[in-house]
Amino acid sequence: MLCEQYFLLSTNDVGSAIQLLDLNLFDVLLSITLFIFLPVTLFLFRKKFNWLSMTINFSSMTILFLLLAFIFAPIITDENPEFQKDLSVTKLLAPFSSITVLHLKGKEKSNTSLSDKFLALKNETVKQSYNENIIFVDNIKLTSDKIIFLQNEKVGELDLDLIQLKDGEPVLTKRFFIFGTDEFGRNIFTRLVYGVRISILVGIGSVVVSLLIGLTLGFLAGIRGGIIDIILSRLTELFLAFPIIYLIILIIAMFGNSLLTVIIVLGLTGWMSLFKIVKSEVLSVKNKDYITSAVMLGLPKRKILTKEILPVIMVPLIVNIIFQFSNVVLAESALSYLGLGTGDLYPSWGAMIESGQHYITKAWWMIFFPGVVLILTLFSANNLGKNLKFQTLK
């Protein structure tokens with residue numbers, strides 16, 4: 001095509017037009033360091049340090065990876081997970097792709113009030129999902145009074161007055177996509193990193209809700225016994241006999257899918273195993289001398305639970321919480337896959353897998369990377385729980 005021949009610029013021509021070549025290498029190198037080299041380095045040198053050899057393995061390395069992503073997500077990837085622009089150029093890019101960014105002049109504001117300065121600082125710090133001051137292009141051609149650019153075999157042009165210039169040359173940068181892009185041109189790596197926040201937040205929140213319910217009901221059933229034990233035990237069996245997934249879908253369909261709803265629903269439907277553990281442990285220790293003495297001294301039930309019983313049952317409780325966490329992460333991904341998860345406001349691994357299956361023949365990376373991250377997370381959490389359980393049985 002004529003347009004393709006017109007844009008076959010030599011490397012020197014393009015290089016002469018690039019005055020500020022910000023390759024975003026700092027973000028890429030920092031991401032690779034935090035996500036790959038740091039855990040791998042700790043794993044390889046664990047034998048040289050006794051404290052590392054005792055704690056660093058594949059599961060703990062993956063947990064470290066997740067914690068780094070949860071805490072330092074804005075540092076690891078300096079981009080909004082929902083950012084999309086110029087889909088004809090950015091959609092379905094393969095892993096390790098890069099694309100040229102043409103920078104436009106922003107709208108000048110004469111008002112320099114405190115609120116305007118705050119908004120400008122906010123937009124600079126908290127990345128937005130759209131930026132009208134950049135254009136993604138495949139190639140450019142510079143003329144005397146305008147710049148002509150190519151976007152997926154479509155030619156466009158802009159006056160030089162609208163473009164950021166430095167020493168009379170347009171300012172160009174490069175944007176890298178380590179794991180490629182999805183059908184909306186969104187960075188898959190960024191969405192995976194922020195998806196860690198959603199999975200961990202839902203997992204921890206739901207586990208806390210389940211722990212409060214299971215611990216309270218299990219303690220009441222074990223310490224009181226009688227009719228209370230019968231009622232709570234039958235209620236637990238009722239929840240266990242009913243398919244939980246249908247109950248979850250019913251509640252979410254009635255009250256809507258949001259982050260808080262998913263946390264509460266998964267917490268309300270996952271307390272049964274904790275109830276059984278707490279009840280059995282309370283029954284095994286409530287006739288001990290120190291518990292009998294505490295009751296005879298009139299110690300409140302709350303203090304008996306927190307001061308006498310909880311330290312004894314802490315280890316099996318923690319093991320079950322870890323397994324419960326992995327179940328919640330899997331349940332949240334399944335709900336997001338079905339469209340009943342945290343909604344469209346937050347990136348979720350399950351939703352990424354669902355969208356990726358429609359492009360599995362064109363863009364395998366859309367389903368591969370979130371699937372691998374989900375599998376590694378579940379494997380590491382379960383393996384951590386098994387190791388902890390094995391350590392307690394020694």
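Start by selecting Phe-379, which lies in helix H17; helices (H or I, at least four residues) and strands (E, at least two) are DSSP runs numbered from the N terminus. Keep in mind that this is a predicted model, where local features need pLDDT of at least 70, side-chain atom pairs count only at pLDDT 80 or more, and totals for chains, interfaces and linings use all residues. Residues are numbered from 1 along each chain as its sequence is written, and side-chain values use heavy atoms, leaving out hydrogens and water.

Phe-379 is partly exposed at 44% relative accessibility (buried is under 20% relative accessible area, exposed over 50%, partly exposed in between; 1.4 Å probe, protein chains only). Helix H17, residues 365-393, gives the most, with four residues.

Next, go to strand E2, residues 134-137. Ile-134 and Phe-136 on one side, and Ile-135 and Val-137 on the other, are all buried. Strand E1 (97-103) runs antiparallel to E2, joined by four bridges (strands pair if DSSP finds at least two). Across from Phe-136 you'll find Val-101.

Last, click Asn-152, in the loop between strands E4 (146-151) and E5 (154-159). Though not a glycine, Asn-152 has a positive phi of about 50 degrees.
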